[in-house]
Structure formats: structure tokens, C-alpha cells
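I opened the notebook to look up charged side chains.

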Amino acid sequence: MDEPKDGPRGKAPGARKQPRKVSPRYLENAALHYLKRYSATVSQLKRVLLRRVENSLRFHGGDRAQALGWVDELVQKLIRNGLINDQAYAETKAHALRASGRSARVIAQKLRMKGVSEDVVADKLAQATAEVSEEAAARIWARKKRLGPFRRDPASRKENRMRDLAAMARAGFSFSTAKKIIDGTAE
């Protein structure tokens, strides 16, 4: 006798789960669950909620304008209650990235990709740079990646100089900063 091809819950293996019908309560629960797990910007949260709305509407149908209104109302409510704050997110992210040795260019790019506005990016980047200079961040990055003076084998420093400079450039540091770090002239 052949075994049934359904999985343990009666669904065919590999079948997609049916999306839930979108409602204001469902969206609020989804947003709160997401915010419990991840720190997010307004833009990121809207993207997550809109994806859920689109999946639900594709499967169940409904009024798209009404669902988008629910998303906007919910986001405004979360901002009023302090659960989403782009300023705080950008500050935390900029400081963490700077402390890990990221260049100003990379930090700005990452914040912009998360949907943080340009003026907030500039402000928080200036604050992070005031605490950890570009040169200090480059030194941290070089130490983490074992570039230049931080190589294990001092004999290989000279032959890998161009490769190390290229790695620093890909990390977003200027040539002059990378050269100081790799050649060991920075203090």
C-alpha cells in the first residue's frame, strides 16, 4: 500500500502556508512581534507590513487603500508611543558601526539603505565621528582584518601592501588614511 503524500498536517510537502487575512489587529500584532525581535526604522517596518498586506490581498482579496491606511495609522501610533524612532536607531547603529571600525562612507550608506533621512544620517555620523576619528576607525578595521602592520608575518607586509590598500579602499577609507595605516605612519 502506498503512503500518503501529505505532510503531518495534511499539506503537501513544500506547499506554502496560506497568509492570514489582514486586519488592523493582525497588523499591530505583526508589527509588535517584529519590533520585539529587531530594531527597525519607520521605512523598514512599513516594508515588512506592506509585504504582509500584499500577500494577504493576493490570496484573500480586499481593499488595498484601506489596508494601506491601516499601515499608516499603525506606524503613526508606534511613533507616538516611542516604539519606532529613526533618530535613536541611527545613533545606535552609527556608534556601533564606528566602534567596529567602519568608515564614514559605509556607515552613511548602511543608514540610507535602512531608510533613515539624509539630515539624520549627517547628524548621527558627525556625532559618531567626533567620538572615533576616521583614522582610529581605519586602525580598528586593519587590526580586525590583519592588514599592514597587523599582519602575523611581518615579512609579507611589503608584498601584500597593494592588496591591503585595496581592502581599505573597499572598506570606504580614503587613500591617504589607508596609506597612513598600512605603512604604519599613523600614531
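I started with Lys 17, which sits in the segment before α1 (24–37). I noted that the model is predicted. I looked up the exposure of Lys 17: its relative accessibility is 70%, so Lys 17 counts as exposed, the cut-off being over 50%. I then found Lys 17 in a surface patch of positive charge, together with Arg 20, Arg 47, Arg 51 and Arg 52.

Next I turned to salt bridges. I have 11 of them in the structure.

I looked at Glu 28 and Lys 77, whose side chains form a salt bridge at 3.1 Å, N to O. Glu 28 belongs to helix α1 and Lys 77 to helix α3 (residues 64–80), so this pair ties together parts 49 residues apart in sequence. I list Lys 77 as partly exposed, at 31% relative accessible area.

I went on to Lys 124 and Glu 91. Their closest N and O atoms are 3.6 Å apart, in a salt bridge. Lys 124 is in helix α6 (residues 118–131) and Glu 91 in helix α4 (residues 86–99), so the pair ties together parts 33 residues apart in sequence. Is Lys 124 buried or exposed? I get 6% relative accessibility, so Lys 124 counts as buried. Glu 91, at 33%, counts as partly exposed.

My last pair was Arg 139 and Glu 135, a salt bridge with the closest N and O atoms 3.9 Å apart. Both lie in helix α7 (residues 134–145), 4 residues apart, about one turn of the helix. I put Arg 139 down as buried at 19% relative accessible area. Glu 135 counts as partly exposed at 24% relative accessibility. I also logged a network: salt bridges with shared partners join Glu 91, Asp 123 and Lys 124.

Notes. Residues numbered from 1 in each chain as written. Predicted model: local features only at pLDDT ≥ 70, side-chain atom pairs only at ≥ 80, totals over all residues. Heavy atoms only, no water. Patch = residues over 30% accessible without salt bridge, like charges linked within 9 Å, V, L, I, M, F, W, Y side chains within 5 Å. Areas by Shrake-Rupley, 256 points an atom, 1.4 Å probe, with all protein chains shown as cover. Salt bridge = Lys/Arg side-chain N within 4 Å of Asp/Glu carboxyl O. Lys, Arg positive; Asp, Glu negative; His and termini not counted. Charge placed at Lys NZ, Arg CZ, Asp CG, Glu CD. Helix = DSSP H or I, 4+ residues; strand = E, 2+ residues; numbered from the N terminus. Buried < 20%, exposed > 50% of the residue type's maximum accessible area, 1.4 Å probe, protein only.
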